Amino acid sequence: IFVTLSYALMDIIIRKSAKRSGSDQNPDKKRENRKIQNRITVIIATDFLCWVPFIIISALHNWKIIDATYWYVSFAMIVLPLNSVINPLIYDNDLRKLIVNKIELLIASIRDSR
């Protein structure tokens with residue numbers, strides 16, 4: 001919840017700052033701000049998708065509705081590390097560009113092989 005609120009606050013500050021400086025009228029700045037807002041949305045979504053199921057299962061376990069002992073190991077070994085792998089891909093522009101480039105090359109080579 002704290003992370004989501006922090007990113008939402010960042011989004012509000014970016015919008016207010018753009019409006020105050022007049023950069024919301026500049027198409028290039030508008031596009032740049034939209035990229036930042038999209039990145040924030042992706043960060044929130046990936047954090048949400050990785051952490052909320054764990055929180056729900058933990059709550060159900062604590063309320064003794066389910067026995068989630070097995071699930072803790074699965075989340076600790078698979079789901080939560082995925083979030084750690086995804087975050088650098090989101091934050092690092094160069095790494096993201098490299099991955100997108102490699103995927104595009106792979107798709108092109110598959111298409112050409114037909």
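This report describes the fold, the surface and the aromatic contacts of a predicted protein model.

Residues are numbered from 1 along each chain as its sequence is written, and side-chain values use heavy atoms, with hydrogens and water left out. Because the model is predicted, local features need pLDDT of at least 70 and side-chain atom pairs count only at pLDDT 80 or more, whereas totals for chains, interfaces and linings use all residues.

**Overall form**

The protein has 4 helices and 0 strands, following the pattern α-α-α-α along the sequence; helices (H or I, at least four residues) and strands (E, at least two) are DSSP runs, numbered from the N terminus. Its radius of gyration, taken over C-alpha atoms, is 20 Å, while a compact globule of 114 residues would have a value near 13 Å, the globule rule being 2.2 Å times the number of residues to the power 0.38. Along the principal axes, the C-alpha atoms fill a box of roughly 55 × 50 × 20 Å. Of the 114 residues, 19% count as buried, where buried means under 20% relative accessible area, exposed over 50%, and partly exposed in between (1.4 Å probe, protein chains only). Of the contacts with a separation of 6 or more, 52% come from residues 24 or more positions apart, a contact meaning heavy atoms within 4.5 Å.

**Thr46 in helix α2**

Thr46 is found in helix α2 (residues 27-62) and is buried, with a relative accessible area of 14%. Leaving aside residues up to four places away in sequence, Thr46 touches Asn83, Ile86, Asn87 and Ile90.

**Aromatic residues**

Rings of Phe, Tyr and Trp (its six-membered ring) pair if their centres lie within 6.5 Å, with planes under 30 degrees apart counted as stacked, over 60 as edge-to-face and the rest as tilted.

| Pair | Centre to centre | Angle between planes | Class |
|---|---|---|---|
| Phe54 and Tyr72 | 5.9 Å | 70° | edge-to-face |
| Trp71 and Phe75 | 6.4 Å | 45° | tilted |

Phe54 lies in helix α2 and Tyr72 in helix α3 (residues 69-91), so their pair ties together parts that are 18 residues apart in sequence. Trp71 and Phe75, by contrast, are 4 residues apart in helix α3, and about one helical turn therefore separates them. Phe75 is buried, with a relative accessible area of 6%, whereas Trp71 is partly exposed at 43% and Tyr72 is partly exposed at 26%. Trp51, Phe54, Tyr70, Trp71, Tyr72 and Phe75 form one aromatic cluster.
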